[in-house]
Amino acid sequence: MEALLDEVQRVGYVNKPVAEDIDLVAEINRLKKEKNAVILAHYYVDGAIQDLADYIGDSLGLSQQAAATPADMIVFCGVHFMGETAKVLSPEKKVVIPDLNAGCSLADSAPADKFAAFKAQYTDHIVLSYINCSAEIKALSDIIVTSSNALKIVESLPKDQKIIFAPDANLGRFVSKKTGRDMVLWDGACIVHIDISLEKLHKLRTDYPEAKFIAHPECQEHILSEADFVGSTTALLKYVVDSPEQTFIVGTEAGILHKMKQAVPHKKIIPAPATQNNTCACSECPYMKMNTLEKVYNCMLYEQPEIIVPEDVRVKAYESVARMLELSK
């Protein structure tokens, strides 16, 4: 076991070969029953993982599921901060993720020491932090928000309440514009959402003039100004399902297209184009794509890598996340 833990610390995941003839889906489902585990998956992970998950959702929905699950082990298929959030909410449960290397560019944009110094400049402000941040940032925050509930939570606060919003400046600007609240913004961003190309988007809209362009509020302001609808990942999915329109250009991580196409196979769903050329000509999160079926199987079999959050950090982070969940009811 000690050698395994050393290996996990060194490479970030259980690097054990999986037999070629193994039925990974069947084995994962067997381990789920055997270990009383629940698999939570973000909309951005590979479709094969979404298809076997017990719950698929965005950050708010996944947090709610992590808090409510009766399972003994939470297998979180997403990125590191999501596993941390599950541990913050359920300290008595074992939380594992397929790959510790699955970080988040947005969370990384707010180092705890620098943010603490930034916060100290605004002693009469409360801190609202987007859930896409580390446990340390959550511990420095008063209320956590998601793209699903940020508007509601900001609007619930007294109009004279001064606010720091971190770490996503694009989401902060969107919320500020919608609510009319002047907020101090930490200058962080998601590499996936800021990589959407306006020039290529214009070309795509010329090719599909009938298409509705929908976008996540983590996108840059000049991209959001082009959108017919702006919303969280779950809201984008609902829009595509409920809209009478038949063609959509989707401005967020391309993993959501899997669920959209399952929900409305008769509609045309097109990923918004990325600035960089890649395999799908779309916006892909390299961290989300670190989740594979093989890593899910190994992390369930060996119960590693395990997410550990220091108790002093966890307790403070819990308060800000719990307040979000209360305000989201």
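**View 1. Phe 118 in a predicted model.** At 15% relative accessibility, Phe 118 counts as buried, because the cut-off for buried is under 20%. This is a predicted model. Trp 186 is buried too, with a relative accessible area of 12%.

**View 2. Aromatic pairs around Trp 186.** The count of aromatic pairs comes to 6. In one of them, the ring centres of Phe 115 and Trp 186 are 5.5 Å apart and the planes stand at 75°, so the pair is edge-to-face. Phe 115 sits in helix α7 (residues 112–119), while Trp 186 sits in the loop between β8 (184–185) and α11 (198–207). The pair therefore ties together parts that are 71 residues apart in sequence. Are Phe 115 and Trp 186 buried or exposed? Both are buried.

Phe 118 and Trp 186 also form an edge-to-face pair. Here the distance is 5.1 Å centre to centre, with 85° between the planes. Phe 118 lies in helix α7 and Trp 186 in the loop between β8 and α11, so this pair links parts 68 residues apart in sequence.

**View 3. Nonpolar cores.** In soluble globular proteins, nonpolar side chains tend to be buried together. The largest nonpolar core of this model has 96 residues. Val 75, Leu 128, Met 260 and Met 300 have the most contacts inside this core. What does Met 300 touch, leaving out residues up to four places away in sequence? The list is Ile 28, Leu 31, Lys 32, Lys 35, Ala 37, Ile 39, Met 73 and Val 75. A second, separate core has 10 residues. Among them are Ala 110, Ile 137, Val 184 and Trp 186.

**View 4. Helix α16 and its cover.** Helix α16 covers residues 311–327, which makes 17 residues. At 1.5 Å a residue, this helix should span 24 Å. The end C-alpha atoms are 24 Å apart, so the span agrees. Which residues of α16 are buried? They are Val 313, Arg 314, Ala 317, Ser 320, Val 321, Met 324 and Leu 325. The elements that cover these buried residues include α4 (59–68), α5 (80–89), α8, β6 (143–145) and α9 (150–156).

**View 5. Asn 132, a buried loop residue.** Asn 132 is found in the loop between β5 (125–130) and α8 (135–139). At 9% relative accessibility, Asn 132 counts as buried. Neighbours within four places in sequence are left aside here. Beyond them, Asn 132 is in contact with Ser 59, Phe 81, Leu 106, Ala 107, Pro 167 and Glu 218.

**View 6. Asn 101, a partly exposed loop residue.** Where is Asn 101? Its place is in the loop between β4 (94–96) and α6 (105–108). At 37% relative accessibility, Asn 101 counts as partly exposed. Not counting residues up to four places away in sequence, Asn 101 touches Val 11, Gly 12, Tyr 13, Tyr 287 and Met 290. A polar atom of the Asn 101 side chain lies 2.8 Å from the backbone oxygen of Val 11. Leu 204 is 103 residues from Asn 101 in sequence and 34 Å away in space, C-alpha to C-alpha.

**View 7. A lysine over a ring.** Lys 295 lies over the face of Tyr 13. The distance from the ring centre is 4.4 Å. Tyr 13 is also one of the residues that Asn 101 touches.

Terms used. Residues are numbered from 1 along each chain as its sequence is written. This is a predicted model: local features need pLDDT of at least 70, side-chain atom pairs count only at pLDDT 80 or more; totals for chains, interfaces and linings use all residues. Side-chain values use heavy atoms; hydrogens and water are left out. Rings of Phe, Tyr and Trp (its six-membered ring) pair if their centres lie within 6.5 Å; planes under 30 degrees apart count as stacked, over 60 as edge-to-face and the rest as tilted. Helices (H or I, at least four residues) and strands (E, at least two) are DSSP runs, numbered from the N terminus. Buried means under 20% relative accessible area, exposed over 50%, partly exposed in between (1.4 Å probe, protein chains only). A charge sits over a ring if NZ of Lys or CZ of Arg is within 6 Å of the ring centre and within 35 degrees of the ring normal. Contact means heavy atoms within 4.5 Å. The expected span of a helix is 1.5 Å times one less than its number of residues. A nonpolar core is a set of buried Ala, Val, Leu, Ile, Met, Phe, Trp, Tyr and Cys residues joined through side-chain atoms within 4.5 Å. A polar contact is a pair of N or O atoms within 3.5 Å; within protein, one must be able to donate a hydrogen and the other to accept it, and residues adjacent in sequence count only if both atoms are side-chain atoms.
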